[in-house]
Each structure stands twice: as C-alpha cells, then as structure tokens.
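Please open the structure in your viewer and keep the sequence panel beside it, so that each selection can be followed from one stop to the next.

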Amino acid sequence: SERARVTDALADTGWALTPSQGNFVMVAPDAPTAGSAGVHEQLLRLGVIVRDGASLGCPGRLRVSIGTPEENTAFLSARAEVARAAARETHPWRTTP
C-alpha cells in the first residue's frame, strides 16, 4: 500500500514518524534541516504541499497526506533533496548522493 511505502521510506530517514489511521502521517524533521518551519518552506518551493503542524497544535511536525503513487514519490524525492541541502549546509566539505 502507499501508506506502507511512505512510512517505510520515512522510517529509514532521520525524521521521527507518528503514524495515524487517517490519510496522513505526522513527521518531525531532524534538526539539521532547520526544523519543521524551514522544511515546510523548502518543500513548498519544491512544489510539495504539506501542512505545518504548528497550525494544528503540533509544533515541530509536518502533516503529510498519503496521496497517489506519483504524489508520494514527489514528496519522498523532495524530502531527500531537503535533507541533502541541509547536509551540504551543515557539512560543506562532505558530498552526499
């Protein structure tokens, strides 16, 4: 299922995951990615819409809807790009795939 694919992919990252029974999951981006507000803005710039958890009473988290396979792939790809950008800023001497 798409839910399992997204949650499995997120489990392999540094982002804490809170599963739900709805069509979304709550994630807490790892510290090097500038917190949820910074990640929220970066994902929006990459064309991926997620909700900032602060507006939902869950500061520090993002609400990610489980969508179509294409939408979920776009989110996972954008999440990886945000993480790579954060790694370059945190450790500019390292290269990341």
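Begin by selecting strand S3 (residues 51-52) together with S4, which pair in the antiparallel sense over two bridges; helices (H or I, at least four residues) and strands (E, at least two) are DSSP runs, numbered from the N terminus, and two strands pair if DSSP finds at least two bridges between them. In this pairing, Arg-51 stands opposite Arg-63 in S4. The model is predicted, with local features needing pLDDT of at least 70 and side-chain atom pairs pLDDT 80 or more, while totals for chains, interfaces and linings use all residues. Residues are numbered from 1 along each chain as its sequence is written, and side-chain values use heavy atoms, leaving out hydrogens and water.

Now select Val-50, whose contacts (heavy atoms within 4.5 Å) include Leu-43, Leu-62 and Phe-75, not counting residues up to four places away in sequence.

Finally, move to Thr-7, which has its place in helix H1. Is Thr-7 buried or exposed? Thr-7 counts as buried because its relative accessibility is 15%, where buried means under 20% relative accessible area, exposed over 50%, and partly exposed in between (1.4 Å probe, protein chains only). If you display its side chain, you will find a polar atom 3.2 Å from the backbone oxygen of Ala-4, and Thr-7 also touches Leu-17 and Val-25, again not counting residues up to four places away in sequence.

Conventions. A polar contact is a pair of N or O atoms within 3.5 Å; within protein, one must be able to donate a hydrogen and the other to accept it, and residues adjacent in sequence count only if both atoms are side-chain atoms.
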